[in-house]
Amino acid sequence: MKEINKILKKAEDSEEINQEEALSLLKVTGKDFFALQQVADQICFEKKNNLVTFVINRNINFTNICYQGCKFCSFSVSNKNEESFLKNHEEIKEDVIDAKRVGCTEVCIQGGINPELDFDYYLDILRVVKKIDSNMHIHAFSPQEVFHMAKIYSSSIEDVLKELIRAGLDSMPGTAAEILVDDIRKVICPNKISTSQWIDIIKIAHNSGIPTTSTIMYGHIEDLQNRIEHLQVLRNIQAETSGFTEFVPLPFVSENPVLSKLTEYPLKASYGMADLKLFAVARLFFNNYIDNIQCSWVKLGPKFAQVSLNFGVNDFSGTLMEENISKSAGADFGEYLTPEKIIDIIRSAGKHPAQRDTLYRILKNY
Ligand code: SF4
């Protein structure tokens, strides 16, 4: 208790907490758990003035064909699978028109690593969006996709990003991070880019003027120390580039993926308190580094996502529409929350709802 209080006092005084201290906080229970909650909520309250934001956006998953074979993924299929799809630019255009119709300020575009696609396919997606609405913010393509584009375009990451920016890219999701510890990556996503490749691509994006989110996919075979190592990687990058807009903890959805059946790597169960501790610790660990901590209502469910707003979370993510990735993994929650529903959830948590754009500029207070 005494030791925990000391760490919490440091955080309250805006001092940096180190990895060992963060690890101790991830293990708290009982009164210490509530003390952690209070400090995270207080820091968040002071930093954000009790505001909880959301963005009106839609997801566009343009293909589920992918041969990367990530063990946690139930979204990807081969091109022989009857459920496989690849959207053409006409279909993507319809999605963007739909997004504009419901007032979206952002489209979030990601897909599988589909070998049938050439670099022009990706560039044309961006051009299609900007042709429909030059003000629509394009949040697109994970570091893994950018890496793939560099391969098929036989070019450097820098040059690929230059082309993407020229075609309309505004920001990138910091996905494909999963856990930035190579021993874990070798098991859960053996064909994905390594930790150092992920870091390099993200830094190049930031230095090219492309902000990104930062994410963690947790609650599978990693341990608490791995989670903290991951947070440290992100904090180091942010200290150098200031390019992360937010941190998004993504709990592993275990219902369908192969990873849940690997007997040699049993899942380490992660329950609700572990989720809440991670959110709160992220708020403290990233204090003065990453301003925004986002909950994923698609993964957590709207009710638990609301609870997270008392644990250092200040952003409720977006309206989404068409969220296929979590659903394929077995998540129970819907594809779309209306802005009205989100406002209601935020307000009934005692927070002030506000609509933001992708870069966290406030568009409307409610
Ligand atoms: S997580 Fe992404 S890269 Fe990995 S298999 Fe699924 S779609 Fe492919």
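Which exposed residues does the face of H1 turned away from its buried side carry? This note takes up that helix, then a set of paired strands, in a predicted model.

1. The exposed residues on that face of H1 are Lys2, Asn5, Lys6 and Lys9. The face lies away from the buried side of the helix.

2. Helix H1 spans residues 2-12, and its buried residues include Ile7, Leu8 and Ala11. These three sit on the same side of H1, because the arc they cover around the axis is only 95°.

3. What lies over the buried residues of H1? The cover includes helix H2 (19-26), helix H3 (30-48) and helix H11 (272-285).

4. After H1 comes Ser14, which has a positive phi, near 70°.

5. The strands are the second topic. Strand S1 (residues 51-55) and strand S8 (residues 352-356) run parallel and are joined by five bridges. One of the residues to look at here is Val55, whose bridge partner in S8 is Arg356.

6. Strand S8 also pairs with strand S9 (residues 362-365), this time in the antiparallel sense, over three bridges. Here Arg356 stands opposite Ile362 in S9.

7. How many residues lie between the strands in the hairpin of S8 and S9? There are five, and in this hairpin Tyr360 takes a positive phi near 70°.

Note on methods:
Residues are numbered from 1 along each chain as its sequence is written. This is a predicted model: local features need pLDDT of at least 70, side-chain atom pairs count only at pLDDT 80 or more; totals for chains, interfaces and linings use all residues. A residue is buried if 20 or more other C-beta atoms lie within 10 Å of its own, exposed if 12 or fewer, and partly exposed in between; C-beta atoms are placed from the backbone. Helices (H or I, at least four residues) and strands (E, at least two) are DSSP runs, numbered from the N terminus. The arc is that of the directions from the helix axis to the C-beta atoms. Two residues are in contact if their C-beta atoms, placed from the backbone, lie within 7 Å. Two strands pair if DSSP finds at least two bridges between them.
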